[in-house]
Amino acid sequence: MKTLRNLQGPALTLALLCALWLIVIVGLLALKPSVYNLGTVTTILQFSTILALVGLGQGLVIMAGGAGIDLSVGGAVSLSAIVAMLCLKLGLPPVLLPAVCILAGAMLGALNGWLVNGLALLPFIATLGTFFVYSGAALAVTGGAAQAGVPPWLLLWGRGVVMGIPMPFLTLAIPCFALAGLVLLSTAWGRWIYAMGFNERSAKLVGIPVDRVRFILYVLSGALAGAAGLVSIAWLGSGRPNIGQNLELESLTAAMLGGIAITGGRGGVGGVFAAVLLLVTLKTGLLQLNINTVWQVGIVGALLVFVLLADRLSQRWRS
Amino acid sequence: MNAVRLIGDGVFSMNGREWSLLVACLLAIVIFSVASPHYATSGNAATVLRNSVELLLIGLGMTLLLAMGGIDVSIGIVMGLAAIAIGRVLGADGNPLLAIVVGPLVGALLGCVTAAVVVLGRVPAIVGTLGLLGVYRTAVFVLLGGQWLSGLPSSLTNLLATSVLGVPVPALAIAVAYLAVWLALRRTPYGLHLLAIGNSEEKARLSGIPVIKVRFITFVISGVLTGIAATFYVATYRNVEMTIGSTLALDAIAAVILGGTSILGGRCSLIGTVLGVLLLRILQNGLLLIGVPSLWQPVVTGVLIIGVLGFEAVCNGLPLGRFQRARA
């Protein structure tokens, strides 16, 4: 149990993330004191919800090893949101909108899972292909136009705030992370994921259904992307074909910052959660300081490279 | 598993894969000619060839990278950065000879940066270059300062639009680059080492191949080729826009995979890449002319990548060596 807890979220990672987060916040407050209010917290959590859901799926896929990676998450977010809104236009009862959105994401994830498992394609090339298919299709089908017509009750959920915490964050992101943490820590499934990420061949030899677990994780990553698409619809009031832009980079950075090893088998969802909050706080801070948004993608990219290099260095240092 | 194919490959030797690509190219031309009256014109043929120049050069580098089990998704934006450097030199000075040198130099430099992260830092190529892609994209925006680089002097254009002995300079450059890459791949120890690394990096290392050096050099070669591509880009369009090169990496990967180079190592075809580039550009141009909006292009390219790989997987018999090559 102790070793498992070590795997789950190295306390050092969490401490470092908290320290970085404090630095960002103190820096932001020093440069612009007017951000000190509850509204900022709400905004940050609102932005965090989408990245948190996507980052969770990405993190689980990577954790399961086998060079697992899901580059298509951003495209899946956009396309599932668009598919759901188009279904609504074609006469789908509005009550089913959330279900259709998540289902569409799950099916996109299932395609990834089939390419990786059934056809044994390398995950990075298979999901790179589906990334362009999904995000391209979302843009091409709509011609780039946002799809309006979200039912009012969904907006009520998407824009609702309880004690400064946005409803989607409270009712979707937090339960998903809690559930994932619970599964990873205290069920056989969680152990299987760590085991196959750590050494796939041994995992197979001791009878873990590696292929089935991996397929389900890709489906899950897609379904979480679908849920993120739903949040975007409910929050923004329209299905936007480019809502998933840069999410593949941001979710990877969140997963790596959160202490998940790119080779799999190490890390936990707590770190991912902290990393998402750190990333979004940083992005919101830059926005508040009126720094052009083109800097965001560069900073997130630089962070990703930096984290990967730091991870390698610390490994060498330890051994 | 796959025997490394070596000496004995002629410069343009083709086998089943390449022949079927050639047939596919011809078939596509016939179909589009029937479907659109604007297709089979000499002007359009020139457009397709013209649009292929950068992709051919970048595709040669991408062939080496993929054959080695690497990848570089930032390569299109690297071309953008090199193009900006060329544009600035050209705008300040107008000396085309200096501008010709700048492109490959910047390309080599950025290739070194990528290699430092991916090879020396031992970061999986896909993740490392994705991070660099973000950094480079910001760099392009910042360097351009929110506006196009346009109205560049025509001195570079005049220099590169000429013909030598009746052969246009771009064609000559591509031929030279092709021959150089072919020689390196098929007639030097470097090529042998590269293919061995593609087959199994671990085995290559154990048999004494200087894995790090070979991988580093390959990223630099790819950077230099990209820098040359940027030179032709600037010479042709005489401007650099914000979105420069955003789909080039995907196109290059698709062309190389179409051409039959295996990411799992062991098979690498330069002539296949050339035909893959031509087929891709013929398809993109033809679809545009029969009225498919250009927004569909990434979808088509993505489907091509997955379709070709899926087809190969089915043909080769399923679960094929995932254990041997778990690498991203």
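## Where α4 meets α5 in chain A

In this predicted model, one side of a helix pair in chain A is formed by Ala76(A), Leu79(A), Ser80(A), Ala81(A), Val83(A), Ala84(A), Cys87(A) and Leu88(A) of α4(A). Facing them in α5(A) are Leu97(A), Val100(A), Cys101(A), Ala104(A), Gly105(A), Leu108(A) and Gly109(A). Sorted by class, the residues of this contact come to 12 nonpolar and three polar, with no charged ones.

Two packed helices are described by the angle between their axes and the distance between the axes. Here, α4 spans residues 73-89 of chain A and α5 spans residues 97-118 of chain A. They pack at an angle of about 135°, and their axes are 8 Å apart. Because angles over 145 degrees are needed for roughly antiparallel, that value makes α4(A) oblique to α5(A). As for handedness, the crossing of α4(A) and α5(A) is right-handed.

## The loop that joins them

Between α4 and α5 of chain A there is a loop, and Pro93(A) is found in it. Is Pro93(A) buried or exposed? Pro93(A) has 10 other C-beta atoms within 10 Å, and a residue with 12 or fewer counts as exposed, so Pro93(A) is exposed.

Now turn to α7, residues 152-159 of chain A, and α11, residues 210-236 of chain A. These helices pack at an angle of about 100°, with their axes 7 Å apart. The helices α7(A) and α11(A) are therefore roughly perpendicular to each other.

On the α7(A) side, the contact is made by Leu154(A), Leu155(A), Trp157(A), Gly158(A) and Arg159(A). On the α11(A) side, Val231(A), Ile233(A), Ala234(A) and Trp235(A) take part. By class, the residues of this contact divide into seven nonpolar, one polar and one charged.

## Chain A as a whole

Stepping back, chain A has 14 helices and two strands. Its C-alpha atoms fill a box of roughly 55 × 50 × 30 Å along the principal axes.

Among the contacts in chain A with a separation of 6 or more, 81% are between residues 24 or more positions apart.

## Where chain B touches chain A

The contact between the chains takes 37 residues from chain A and 41 residues from chain B. On the chain B side, the elements giving two or more residues are α5 (125-144) and α13 (297-315) of chain B. The largest share comes from α5(B), with 13 residues. By class, the side of chain B that touches chain A has 29 nonpolar, eight polar and four charged residues.

## An enclosed helix in chain B

Helix α8 of chain B runs over residues 189-199. Eight of its 11 residues are buried, so α8(B) is largely enclosed by the rest of the structure. The buried residues are Gly191(B), His193(B), Leu194(B), Leu195(B), Ala196(B), Ile197(B), Gly198(B) and Asn199(B).

What covers the buried residues of α8(B)? The cover includes α2 (42-67), α7 (169-187), α9 (201-206) and α10 (211-237) of chain B.

Terms used
Residues numbered from 1 in each chain as written. Chains lettered and ligands numbered in written order. Predicted model: local features only at pLDDT ≥ 70, side-chain atom pairs only at ≥ 80, totals over all residues. Helix = DSSP H or I, 4+ residues; strand = E, 2+ residues; numbered from the N terminus. Contact = placed C-beta atoms within 7 Å. Nonpolar A, V, L, I, M, F, W, Y, C, P; charged D, E, K, R; others polar. Axes fitted to C-alpha atoms, helices over the stretch in contact; angles between N-to-C directions. Parallel < 35°, antiparallel > 145°, perpendicular 65-115°, else oblique. Left-handed = near helix turned anticlockwise from the far one by under 90°. Buried ≥ 20, exposed ≤ 12 C-beta atoms within 10 Å, placed from the backbone.
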